[in-house]
Amino acid sequence: MSQTNDEVYSKIFLIEEPEAHLHPQLQQLLQSFFDKQCKLITNVQIIYTSHSPSLVSKADLDNLNILCEVENKIKCISLQDTNIVQKDNSETTNNNDKDYLLRYMDVTKSQLFFAKGVIFVEGISESLIINEIAKKMNKSLEDYCVELINIDGVAFEPFIKLLTLKENNSLYIKSAIITDDDRCTNKQDINTYISKEIDYDYTNIAEISQKISSGTQSDRCDKIDETISGLKGICVSKAKKTLEYELAISNQEIMLNILKEIHKTSGKNLEEIVNYLQSEDEKATTIWLFINSRPQDKAVIAQKLIEKISSSEFKIPKYIEDAILYVTGDEL
């Protein structure tokens, strides 16, 4: 299609769903081809519609326009409509949200643009078990078109900004963040800090347990609360200390059995110590310390836990339940 206007000649190439019949790798090559042609040929604009995360993951965020339902109306949203910070002469690379997202927006994360709801999590353990927990709640994430996004860290802020509309401070895709509150991690506060080197056989479990019970959330969590303050369409659900601590509080026997499967000798020693303790908080602290000193076990624990979640004995940690209920529409 061409148009002449005031001696300006332009060409527009319109394509409907170019991903049809193409393998995901070929889709990414196609996007690279489009980008190259737009740079080589002047006065050409390529516009295509797509449901392909593979294409989206290779596209520049500036070139995306998302059609979604906002307040019962179909709205076209571009990057300029959001709270994303882009680099200019006054901003440093550290503040460039767009560059950060481009580095991490792989095929899996790009699926969020096609969802009706999103749950953001820190790592592999949460991403493995939350789908199963949702099924146990009869809230299958697939049925509710909710995407589970593992950001492999704690940099939630760029994703929040990407989904937030400037005009009304609301997220155009309903979202929840599931994260640890990471209390007792400030090395400067000697009264509450818990060293990562402490193992489960620490001589004063009561002291550590008391720190966890009376501790306050980390500065990182304070920043998340500040970021979402005043925003609509998002909630943050935080574990007391960590996911593993919450699981130890609500599912002590299941966690001990899993740890004994992984570590036959030390797992048995752990069980003996836990059974000797009287306080439930101290028991959970001991189990958490055991796992905390063996971070390589976390993915294995999550995989083994999947088999237990559907059982009647498994109790869902409330902070995870709250997040799932929020994005599936049953707000608290």
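## The model

This is a predicted model, where local features need pLDDT of at least 70, side-chain atom pairs count only at pLDDT 80 or more, and totals for chains, interfaces and linings use all residues. Residues are numbered from 1 along each chain as its sequence is written, and side-chain values use heavy atoms, leaving out hydrogens and water.

The mean pLDDT of the chain is 90 (pLDDT is the predictor's confidence in each residue, from 0 to 100). Some 93% of residues reach 70 or more. Residues 89-94 have pLDDT below 50. Beyond near neighbours in sequence, that stretch has three contacts in the model (a contact means heavy atoms within 4.5 Å). Where pLDDT is low, the predicted coordinates should not be read in detail.

## The chain

The chain has 332 residues. It holds 14 helices and ten strands. These are DSSP runs, numbered from the N terminus: helices are H or I with at least four residues, strands are E with at least two. The C-alpha trace spans about 85 × 45 × 35 Å along its principal axes.

Of the residues, 46% count as buried (under 20% relative accessible area, with a 1.4 Å probe and protein chains only). Take contacts between residues at least 6 apart in sequence: 74% of them join residues at least 24 apart.

## The largest pocket

A pocket is an open set of points on a 1 Å grid over the protein atoms alone, where a 1.4 Å probe fits, with protein on both sides within 12 Å along at least five of seven lines; lining residues have an atom within 4 Å of a point. The largest pocket holds about 1,400 Å³ of space. Volume here is the space filled by probe spheres set on the points, which are joined across faces, edges and corners.

Its lining has 41 residues. Ser50, Leu64, Asn65, Ile66 and Leu67 lie nearest the centre. Elements giving two or more residues to this lining include helix H1 (24-40), strand S4 (65-70) and strand S9 (170-180). The lining divides into 22 nonpolar, eleven polar and eight charged residues. Asp, Glu, Lys and Arg count as charged; Ala, Val, Leu, Ile, Met, Phe, Trp, Tyr, Cys and Pro as nonpolar; the others, Gly among them, as polar.

## The second largest pocket

The second largest pocket has a volume of about 480 Å³. Its lining has 21 residues, with Asp180, Asp182, Thr242, Asn292 and Lys298 nearest the centre. Six are nonpolar, six polar and nine charged.

Helices H5 (124-136), H9 (243-250) and H12 (280-292) each supply at least two lining residues. H5 gives the most, with three.

Definitions and conventions. Buried < 20%, exposed > 50% of the residue type's maximum accessible area, 1.4 Å probe, protein only.
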